[in-house]
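Take a look at the structure below. We will walk through it in short steps, from the meeting of two chains to a single residue.

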Amino acid sequence: MKLHYYPGCTLKEKTTNLDDSTRAAMEVLGYELVEPENWTCCGAEFPLTEEKIVGLAAPTRILRQVELEGGDKVVTTCAFCFNVLKRTNEALLKDPLKHKRINAYLRDDIKIDPLTKKKTTDFAEYHETVWVLHLMEFIKYQIGYDKVKSHIKRDLANLKVAPYYGCRLLRPAGEVGIDIPDDPHIFEEFLENIGCEVVDFPFKQECCGSYISVSLPDAASEASYQILRSARYCGADMLALSCPLCYYNLDRRQDRIKERFFDFTGMPILFFTQLLALALGVDEKVLGLDQHYYDPRPVLSKMHKTEVVS
Amino acid sequence: MRVKLKIGEEEKQFIERVSELSGQDVYKCYQCGRCSAGCPFAFEMDLLPNQIIRMVQMGLQDEVIHSKTLYLCASCFTCQSRCPKGIDLARLMEAIRLLIEPKGKDQFGPNDVPTKLANELPQQVLVAVYRKFSK
């Protein structure tokens, strides 16, 4: 079955492991992921003031492309892209005037051939027919955990995984939210159903430092350290997440955290799709496990002993 | 902290501009402090989020725009999800940043990226930080 999938900029270069594992896992579940043609960056941040409304044009263009290609939903795995696309969709739905203004911006997309003076592309409006879904929501509501369970090839029961939501999947409350912002369960449900042992920890909704990690690295590494320490104290072997920026802050910057906090021992960070792909029996070579700063393979070797259940 | 209160034309205009840009009614805040209690970067801030909103209410323009709190907000919306009055503080921070943008210089521009990290930074972090902290 074909499914529109918006990967986002970071997945194409810096975190190819998230992209590759998503594709591999969805292939096992019987979905072919199709990217909208000519997709661009979504803008990473939803413009919070009315004066920066032009920031909505890029995500609307992506949604319009999905609509033009006949898609009624688009799936993302990057938490930032999900946040921006979903909030844009909601903002346009709520405010017809804003919708009109953004459609007027999209008018600039008409291309005219300089030689023949003929239009090469026509103007198309976005009609609000696309549904933005995070892959975790898609698995829960569209595929169903029963179907996922029937495809499971590896037993992950030995892995103690702490689910980390971060901010972009849950907040702002009332606008985004793949679950209740203060008491989310969807990630835990997901991990349980693919066979992991779930470890609950109090910092699962805290911010990891986000983009502050470039402008004020010390503040961000303190926040990241708190999260990893809390997960370690609660007995987790690894942290699962869905955002490439959280992955950068929590995994690639562990060298910096180690420099600042002497009791920090490090922790493997995995994307939820990597765990899903592992459970579904995808070849490990596809998953880019060698790209991590903290090598997750020693911890994952716990799982190998109990490989292949059915 | 001792401050002298004066709400003249300039201060009124400041409060109005902030409310208009952010779309938030700053007078809704009754200082319960849940925003500051939940803020993951409160430990680095010189003015706590609840103090910022109080100072906007009182028109203390100078104190607010020179605070480093504005550049510590990671828009994680923890405050928004906890505010009993439904005020979106991230919007307020962005509105104040936008107000002082024309006067100031880039808080974080392309030249500020550490060269050591330039190759490994994910694209989205650069897009996000420029959107927030540069003109």
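How many residues of chain A are in contact with chain B, and how many of chain B with chain A? On the chain A side there are 46 residues, and they touch 39 residues of chain B. Keep in mind that this is a predicted model.

Now consider area. Together, chain A and chain B bury about 3,800 Å² between them. Carbon and sulfur atoms account for 61% of it. Three residues stand out here: A:Leu48, A:Tyr211 and A:Val214. They supply 20% of the area that chain A buries against chain B, more than any other three residues.

Three salt bridges are counted between chain A and chain B. A:Glu45 forms a salt bridge with B:Lys132. Their closest N and O atoms are 3.6 Å apart. Across the interface, 15 residue pairs are in polar contact.

Which helices of chain A each supply at least two residues to the side that touches chain B? They are helix 1 (9-13), helix 4 (79-94), helix 9 (212-215), helix 10 (217-233) and helix 11 (244-252). By class, this side of chain A has 23 nonpolar, eight polar and 15 charged residues.

Finally, turn to one residue. A:Phe123 sits in the loop between helix 5 (96-106) and strand 4 (131-134) of chain A. Leaving out residues up to four places away in sequence, A:Phe123 touches A:Asn103, A:Leu106, A:Arg107 and A:Ile110. A:Asp109 is 14 residues away along the chain, yet its C-alpha atom is 6.8 Å from that of A:Phe123. Why does A:Phe123 count as partly exposed? Because its relative accessibility is 25%, and partly exposed covers the range between buried, under 20%, and exposed, over 50%.

How values were computed:
Residues numbered from 1 in each chain as written. Chains lettered and ligands numbered in written order. Predicted model: local features only at pLDDT ≥ 70, side-chain atom pairs only at ≥ 80, totals over all residues. Heavy atoms only, no water. Contact = heavy atoms within 4.5 Å. Buried area = accessible area lost by both parts, 1.4 Å probe. Salt bridge = Lys/Arg side-chain N within 4 Å of Asp/Glu carboxyl O. Polar contact = N/O pair within 3.5 Å; in protein donor to acceptor, adjacent residues only side chain to side chain. Helix = DSSP H or I, 4+ residues; strand = E, 2+ residues; numbered from the N terminus. Nonpolar A, V, L, I, M, F, W, Y, C, P; charged D, E, K, R; others polar. Buried < 20%, exposed > 50% of the residue type's maximum accessible area, 1.4 Å probe, protein only.
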